[in-house]
Structures are given as structure tokens and as C-alpha cells.
Amino acid sequence: MLPPFFKSLVDSLASIRLTVALLVLSLLMVFAATLDQVYLGVWGVQEKYFHSFIIYHVIPGTGIAVPVFPGGYLLGGILLANLLAAHFTRFRLKWKNCGIWLTHIGLILLLIGEGLSGLLQKDSHLRIDVGQTKRYAESFRDNELAVIDVTDPKFDEVVAVPLELVRERTVIQHPKLPFVLRATTYFPNATIRVRSTPVKSPDNPVTLGVGTDVAVQPVPVTNKPKETNWPTAFIEIKDADAAVGTIMVSTLLESPQTFTHRGRTWQLALRAKRTYFPVAITLLKFTHEVYPGTQLPKDFASTIRLQSDDGHDDRQVRIFMNSPLRYAGLAIYQAGFENNDNTSILQVVRNPSWTLPYIACGIMTLGLAIQFLIHLLGYVRRRPLAAGRTAPA
Amino acid sequence: MNRRLPTLFLGIALLALAATLVPPGQHRGFDLQTWGNLPVLADGRVKPLDTVARNSLLLLQNRQKVVTPAGIVLPPHGWLLDLLFQPAVADTYQILRIDHADVLSLFNLTSADGAGGVRFAFTQLRAGLPEIDRQAQLAADVEAPLRSLFQQAVIQLHQHLMLYDRLKFTLQAPDQPGFPAMLADAQALKTARTVFEAMDSFSLIRTVPPGADTKEWRTTGGALVAAANGTPIDPTVLTHEAMGRAWIAGDAANFNTLAQTTAARLTAQLPALTRKSTIEAWFNRAAPFYSSQLLYVVAFLCAIFSWLRWSDVLGRTAFYLMALAFALTTVGILVRMWLESRPPVTNLYSSALFVGWGAVGLCLILERLDRHAVAGAAGALIGFGTLVIAHHLSLSGDTLEMMRAVLDSNFWLATHVVTVTVGYSATFLAGFLATIYLVRGVFTRTLDRPTADGLARMVYGIVCFALFFSFIGTVLGGIWADQSWGRFWGWDPKENGALMIVIWNAVILHARWGGLIRQRGLMALSIFGNIVTAWSWFGTNMLGVGLHSYGFTNSAFLGLVSFVASQALLIALAAVPATRWRSRVEAV
């Protein structure tokens, strides 16, 4: 027997009133998120609304964030609890109810699946020129600090540092690095201007590379779909407390900054986070067809050569709209193009839970179909009672 | 006698429909129909000149009727012939629509200068063209969603003027009175080469079909450049040029012979395309959706009057007329599918047709099950409303447009788009049935207990149906997105809209099962479903963000706002205490 307090808690958790309230709140949240998307962009909205427990709103002009609404994780979580509690307390497993059971089991899987996708799915893009070979994709939004030993012309030794360490100005040490690094300044978004007079100003601590001659100006972080943030940092390099120098790194800079230390040549770059594949991808051909006499796109397609590191795969694949390549847990899609059709942009997605929504939706569809067929039969059977017109036929 | 009346009305409606299939008489002896059937390539697809004429007029002035300054009513083909062959005359016709007063003032015009206050002739606008170019440049620098109404109007007018101007280069060079002489011999062709090149680059329409030497459709200009290089002039170019001269001279006999020989030659050359083109022109003339719209109005009036009087005769008439309109829209949708080789829903326009079709189909079934002319009234109202929406959507261009690469998948268009659209239909139907319940209950004495219960059962059943279809449609959309963009769910506005419909229908059902609402509550919530669906269907396209915003419409915003307001008023009706209702439906 459950203690009374616990029982009443489970009862209210299992109540259908709670279900209705949660569904209405979800509806409002989805609507607000849709409207906010114009300002925040699709990623900003996902972070603020769907992949959060509490939605905060900044009071204009004060910078104070106040909690205003439950977020997607919280609503989804309570809905999950509500469903489970209802099935433990109210629903009996009977044939008559099997439609409801299936629908709810599917929904539980769907909620779990969406939660997992939010946690596990990694999106990146592969920007590749015709003739180029690449074995990595770059993140859309995440960056990293790459420290590269380029002394040996045959290969590069790369140490990739997560951006959090730069952001929090932590001292960065690594067995492969004969020095330590620390960001003295970090701007999530900045502009860089070349100084009109090459005079060293006291606010610029940079001693090595192009950063010595520029002015860095922090600017507000943007979430607009067509704008990009340009994180920029000053990295101080020390070897046993002796300063080696300070280097400016920024995603705005196209090439890495080079310096030499103890006879080895190093490069430092703030760049989009890279994910390496077990395959090399070469873009053989990119085609972009339009309907005759118009600019309307008819087809984009990238013909690539895929060579796996283990040597078992070496083949040609055509990736086009609605026809992705699935390989080694990755799905590669045709996403766009630029540079006068000489560069193809492919989207690379890794989502180990991608099959879950398919299963969940299959079960839900079956459940709804059974449930409503039962209703329909009931409706048709009861109908003759209400039918019949008053006027003579 | 009374029993035969509905059949008699149906017969009259059928006769009226048959009349739309009769070809119109010749215009001053000219066989414009044969000319209008001729296929050309425009907007990436082969279509008859008839469609070019009608769509251009709809785009430029929101209607097909043209009245010359002399007061003569021109058919669309006649207008297009004038524009192509005697542009100086066509420039005096008032067919360019300008609504925005500030845009008019750029031309030093007021609405008093225009036909109907809004339509102006090219000659009236000519002096202001450099200014409109400059204004369009200024407005083009502003991001599309941020443009003011004035900037939107300027950009739109600029596009219309470009279209108008470029149409003139289709079959000959405007402002070149000696055009026929340029085709006289090899030397003349060579001399006029730059003129042909200009025609080739300006023309939007490719009039010369693929032949022995090329696989592609070419513009008249392009074919003439080839001729200047020494190949023989394509016969289509020559017959069009001769038809132009016959049109200007008023030589109907010659024009007709030329049109018929051209049609015969193209039929021999491209039998399948010419057939399609002829059928499309026939479809344009018959305008089945317009006839259906009228039938729905009559059916709706019959249905609501049947609640007051002559319920049997009017009820059955409403049912027959609605069934006829439904059959007609079915044929219309099927013809469009055949012309496009696509599933029924490919763009916003066809979604409007299909939402109406689905809702009316459901109503016909409901009306068979439960003959109270209630489903009939709701169906006729939705059928009419969606066709009005479709008409307004058709004003923005070709409704049989080609599909962008992302959407180019007949499988997903047939499954995801169709099921989602059926979900829209059902949600709207539930909302309209609920509207009938409330309006009849509050304002009339006709809502008796059995009718009320019957309606409540219908609404409940339709909400179940709507939840089922919108859920499956949304899921199929997720699968399509996963197949083509790499994520099952991206929180894109259109996806969110579909999800909102699913959630709302689930809210209605759970509130009902939990005993939180009874009949009145069910009706109020179902009407709110109309708002959610309208948002998902049109509102999300107005945000201008997301992968799905291909269906952007900028003038529909006001329509959406007034629809939402009207639905909010109806929901307020549900709050009227039962004692104030004119129908005595006890505490529900």
C-alpha cells in the first residue's frame, strides 16, 4: 500500500487535467518559439525553447533574465511522467484500450527519441571544391583552437583545444606541446580592422603574427540566420614562465598564425571544430541544373569518390536532393553550393538515435488507427437512432 | 412534384456547366482559339499562349478582362496579340494595376487617372520609368521581410513593368517598324543581328520548338540569330511574323489559315505537347473552379434555408449541387495533375484546392450518414472559401509552376503533403460544423436535441479523423526531412505549425475524455482549431524564415488577421449562457 501523500501525488501526476494543461502549454511554447525564430534563428530557438528546462526572458534594457515559461525538456519530461503515471494507475490493459496503449507507448518513445537527438545529434558541413579531397567536416557553430606542429613536411601534428578552455581563460597544457597557452582576452564576436598607422597601442598585447597591426573591436553576439559570429582571442604562449609571445587568433583570419619555438615551426588557429571521418571524400563533379529559361533550380548533385581508410571501399557515389549517402553511421546530404558552382556544400549528420522516431511513429500510427476505427464503428452503429428527417422523404 | 424539384435543379446546373464547354465565338472573325492553343516554353514548362495571356493579365491587373480606350472588350488573346505585334496600341490599354497611392505619386498620377481607380496604361507611366527603376534599386537593398509596404509595392510594380516590357520581345522587336523587312534575305538578317540578339536576351518566352538542328526550345530572337549565321529561318518564326501582319491589317481569313497551318505543323512535330497545350487552353476557358465556386454558394444558401423551410427539397438540392461542385473540382484537380504529372498538392494554390476538396468529400459522406444539411452547409462554405483563397493565390503567377529541386519528389508530395492537407481539411471541417452548432443554437430556434447531439458526434468524429491525418502527415514530413536534410525534426515554422494542429486536436480529445468540456466546450475548442490551422497553413509562410517558406505570400496577412478575429468572435458565442440561447439545448 502506498502512503497517502505519495498516492495523492501519483494521482495528480496521472490526471488527465495535467495532460491537457501540459499540451496547452506545449502549444503556447511552440507558437512563441515560431515567432521568436525571426529574431533568434532556428538554432537560437532550439537552445532557448526546446532544449532547455526553463525559458528565460531578458527584461529589455536591464540585461536581467527572468524565468518566464517551462522549457521543452521540462514539459516533455513531465508529460512523460504523466503518461507513465496514468498507465500505472488509471489504464487497464484490455483489448478495448490497446489503441490508446500503443499510441502512448509510441509517444513515450518519440519523446525519448527527441531528447536523445537533442543530446546526441552532431551536425557539420563539408565544404569541398571540385577536385579537392577532404577527410573531415566542420561544425556549423562550434569552434576550436588548433595548435599544429608543421615542422615535418610529410605530416602535421594537431592538438585541438575545446573552445571552453579559451573562453574561460584556462591555462592549457598538453604532453605534445613544449609550452603552455592561455587566452588573455576572448570575444565571442568581434571585428578586425587594419590600423591606418602601424603604431603599437597599449591596449594591443599581440607580439607575433598579423595581430600586431590590427585593432580588434568586440561586437554583440548575433543569432540572425544570415549573420555569423566571429570569435577572436589573444593567446599568450609561455615556456617555463618565460614569455614566448602573444598571438591573435580569430575565425575571421583565413590562414593560421605561424611562430617558431625551440627549432620547431608551429601554427595557431581558431577555426570551425572538425570531425574526422574514416573515409576520404573527393568531389569529382558538381552539377546545378535549372529549368530552361529560368533561374529555378531543378537539381543539384555532387558526384564524389569515397575511399575508406581500411581499403574496403573505393567507389563513386552521386549525392543529390532527397538522396543522401549513408555510410559508417554518417548521413551525407546535398545542402548547397557556392563559388560559381565550383564548391559543393554537403551536410554531414551523425545521429545514433535516428531510427527511434521511425519506430515510435509506426507504433503511434497503428495505435491511432485502431483507436479511431473502434470509434468509427461505434459511430456508424449508433447512427440510426439519431437519423431520420422530420419532413416526408 | 416536390420530389422531382432537386433533380430539376441539378439538371439546370448541368446545362449551365455544359455551356462553359462551348467554345467562345470568333473575335471579329479571328480564330483566336487556335492561336491560343499554340504551345510555347515559359517559366520552365511548355504551355499554350492562352495561359501566357491569362496569367500575364492576372499578374498585371488581377483580372483577365481588357477594355480598350475605345470601349471595346478584348479577350486575353487579343490583348496579347496587340502587345506582341502593335505594342504602341497596347500601351494605351489600362491594364497595369497600382494600388499604393505613394507609388502613383511617383508618376504624378492620382487614382482618378486610372480605370476603376487602380488600372493605368503604360503610356501614363512612361515618364516615371527612370524614377521607378531608382526606387526599385533602393528597395532591393532592403531585406525582403523588412521592406515597407511602399517598398514592396515598388518592387512588385517594377517586376510587372519588366514582365510587360519583356513580353514585347517575344515575337518581334518593339520600336522596330521595319521588322518584317529584316527577315527578307540573308543580307537583311545579317544587318539586323544585334536586334535579334537583344530579342533573344530579353524574351522570357521560347516560341520556337525543338527541331532538326536543336533539341532545346529557342526564343524567336535566338532562332533569328541562327538564321543570321546562315541556317534557314525556322517556319514557326515566319508564320508568327505573318500572323502578326494579318492581325494588324485585320485580315482574319489569312490569320486563321496561318494559325491552323502552324497548329497542324506543331501537332505533327510534337503531338504529345500540343495535345497537352490544347487541353490546358480548354481547361483555362472552362474555368471549372469558378463554376464550382458559384455552385457552392447556391448549395450553401439552399442548405441553410432548408433548416427554416422546405427542408426536404432544399436539403436535397443542396446535396446534389454540392456533389456536382465536388465532381467538378475533382475533374479540375485531376486535369491539373495530368498536366503537371504530379500529385495533387504542389504549391499553396493547389493546397487550397485540395483542402476544400477534402473537406467537401468528408461532408458528402457525413451528409449521407446524417441528413440534416448541416455537413452540407459546412462543406459548401469551406468549398467556396477555399476556392476564393485559391483565386487570390492564382494572382501571383503560374499555378502549374515547376518544382524547386528540394521539393522535386513525387513520392513525398503524394504522401506527406496530401495527408497533411487532409488533416487541414478535417480540422477546418470540425471548426465549421462547430460554428453551425453555435450560430444555430444562439441565434435560431432550429437546434433541437437530436440535431445538437448529431452535430456533437460529427465534430468529435472529425476531430479524431483530423488528429489521425495530421499526425501521420507530420510524421511523414519528418521522415522526408530526415531523408533529405538529415534531421527528423528541425523546429522549422511549418513543422511547428503542423505539430500545433496535432497538439490542439489531442487537447480537444483529452479534454473531452477527461470530462473537462461538454458539447459547448467541444464546439469552442474546435473553432479554435480553425485559428491553429490557418496559422499553420498561411501564418507560418508569412514569417519568411525556415526551409519551408517557399510559399511566401505578402498580401494575405490582412485576410489571416480578419479570419482569426472572426473565429475569436465565434468562440465568444460559446460563452453566452445557455439561458440566453434561442434554441433550448439543456445545459451542455
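Figure 1. Of the 588 residues of chain B, 52% count as buried, a residue being buried if 20 or more other C-beta atoms, placed from the backbone, lie within 10 Å of its own. Chain B holds 25 helices and six strands (DSSP runs of H or I with at least four residues, and of E with at least two, numbered from the N terminus). Its radius of gyration is 27 Å, close to the 25 Å of the globule rule for 588 residues, so chain B is as compact as a globular protein of that length (radius over C-alpha atoms; rule: 2.2 Å times the number of residues to the power 0.38). Along the principal axes, the C-alpha atoms of chain B fill a box of roughly 90 × 60 × 50 Å.

**Figure 2. The side of chain B that touches chain A.** Here 61 residues of chain B are in contact with 57 residues of chain A, contact requiring C-beta atoms, placed from the backbone, within 7 Å. Elements giving two or more residues to this side of chain B are β1 (39-42), α18 (311-340), α22 (449-484) and α23 (493-513). The most, 17 residues, come from α22(B).

**Figure 3. Confidence along chain A.** Over residues 385-393 of chain A, pLDDT stays under 50.

Residues are numbered from 1 along each chain as its sequence is written, and chains are lettered from A and ligands numbered from 1 in the order in which they are written. In this predicted model, local features need pLDDT of at least 70 and side-chain atom pairs count only at pLDDT 80 or more, while totals for chains, interfaces and linings use all residues.

Terms used
pLDDT is the predictor's confidence in each residue, from 0 to 100. Two residues are in contact if their C-beta atoms, placed from the backbone, lie within 7 Å. A residue is buried if 20 or more other C-beta atoms lie within 10 Å of its own, exposed if 12 or fewer, and partly exposed in between; C-beta atoms are placed from the backbone.
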